[in-house]
Amino acid sequence: MRIGIDLGGTSVKVALCGEDGSLLRKQSCPTRTGDPDGLRADMKRLALALCAEHGIEPDRVTQIGLGVPGSLDKANCRLIFGTNLGMNEVGFAHAFEPEFSCPVGLDNDANCAALGETIAGAAQNAKDVVMITLGTGVGGGIVIDGKLYSGFNDIAGEIGHMVIHQGGEPCNCGRLGCLEAYASAMHFVNFAERALEAGRESSMMPYKGKLNAKMICDAVDEGDELAIELFEEYCRNLACGLSNVINIFQPECIVMGGGLAGYGEKLLAPLRRLTEHDTFRCEERNTKLVVAQLGNDAGLIGAAML
Ligand SMILES: [Zn+2]
């Protein structure tokens, strides 16, 4: 048995998983931000409760893994900067003692999601996988030969911060023209708001100032000219990033996660067409674009399987 923990800014989710990555049961509680001792106590309490519910002793657990948003020191199982958690320099290596005696590991939450989808989700049975999450930002995780690739300093996989337009839109990271500044849900919405602000005619006008990505996708479905134009531009930018990823890694699968991936085939079909044109291809074996299957459980399962 393994335990996976998804440590988020609003909630702490804890799951008991089988050795194959199957999710057996889970529990959650609100995150006590800014309170490392309270947070560690909550995680242990939930882990113990899951063991009790499942009727197993804590010493049957062989591994505990945490998916954490922020910068990490993996070797020492420490969170260095956790902006959304309101805490820095927090160690987890001994957080589950004395009840649990197994090793504790941690990784970035986006990396955990990539591993979870590879082991038990959309990219099951694939060995070389890249996951891209289209949320408020653009997250990424790289799995090579079944293992997460973290680079020699543990911070590899920042696919959202590859520049696709030199000197382009400002990104949260401080650079200009990153993929994230074009492909995140937040930026997608910003482009639409900007067009409405500039007086473009659209059925979205009544929602000006309070648009979200789903409203733009709905307007695309209804044939709104501006929404279609924005969506096509969105796809071209995202496809540029995906083509770069394919040309570098030639993964078996790229798993698309996050809210915008919920648009499914309507998003994937144009992306396939555009990336096909811009990538080096084989006769038969080419990268498949697929939608994530595990939703929020991907990070939990991936953490358990670190
Ligand atoms: Zn950036």
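Reader: Before we get to the zinc ion, what counts as a donor here?
Author: Donors are N, O and S atoms within 2.8 Å of the metal, and water is not among the atoms, so sites may look incomplete. Keep in mind as well that this is a predicted model.

Reader: OK, and what spacing do the donors of the zinc ion follow along the chain?
Author: Along the chain, the donors of the zinc ion follow the spacing H-x9-C-x1-C-x4-C. Histidine 161 and cysteine 171 are 10 residues apart, and this pair, with both residues in the loop between β11 (147–148) and α3 (180–183), links distant parts of the chain.

Reader: Which atoms are the protein donors?
Author: They are ND1 of His161 together with the SG atoms of Cys171, Cys173 and Cys178, and they lie 2.0 to 2.3 Å from the zinc ion.

Reader: What arrangement do the four donor atoms make, and why?
Author: The arrangement is tetrahedral, because the angles that the four donor atoms subtend around the zinc ion run from 102 to 122°, and four donors count as tetrahedral if all angles lie between 85 and 135 degrees.

Reader: Is cysteine 171 buried or exposed?
Author: Cysteine 171 is buried, since its relative accessible area is 8% and the cut-off for buried is under 20%.

Reader: Switching topic: how many salt bridges does the structure hold?
Author: There are 18 salt bridges in the structure. One of them joins the side chains of arginine 194 and glutamate 169, at 2.7 Å from N to O. Because arginine 194 sits in helix α4 (residues 185–197) and glutamate 169 in the loop between β11 and α3, the pair ties together parts that are 25 residues apart in sequence.

Reader: And how accessible are arginine 194 and glutamate 169?
Author: Arginine 194 is partly exposed, with a relative accessible area of 46%, whereas glutamate 169 counts as buried at 17%.

Reader: Last one, on the overall layout: what domains is the protein chain divided into?
Author: The protein chain is divided into domain 1, covering 2–102, and domain 2, covering 126–292. Taken over C-alpha atoms, the centres of domain 1 and domain 2 are separated by 31 Å.

Methods
Residues numbered from 1 in each chain as written. Predicted model: local features only at pLDDT ≥ 70, side-chain atom pairs only at ≥ 80, totals over all residues. Heavy atoms only, no water. Domains from an automatic or database assignment. Donors = N, O, S within 2.8 Å, 3.2 Å for Na, K, Ca; no water. Tetrahedral: all angles 85-135°; square planar, octahedral: opposite > 155°, others 65-115°. Helix = DSSP H or I, 4+ residues; strand = E, 2+ residues; numbered from the N terminus. Buried < 20%, exposed > 50% of the residue type's maximum accessible area, 1.4 Å probe, protein only. Salt bridge = Lys/Arg side-chain N within 4 Å of Asp/Glu carboxyl O.
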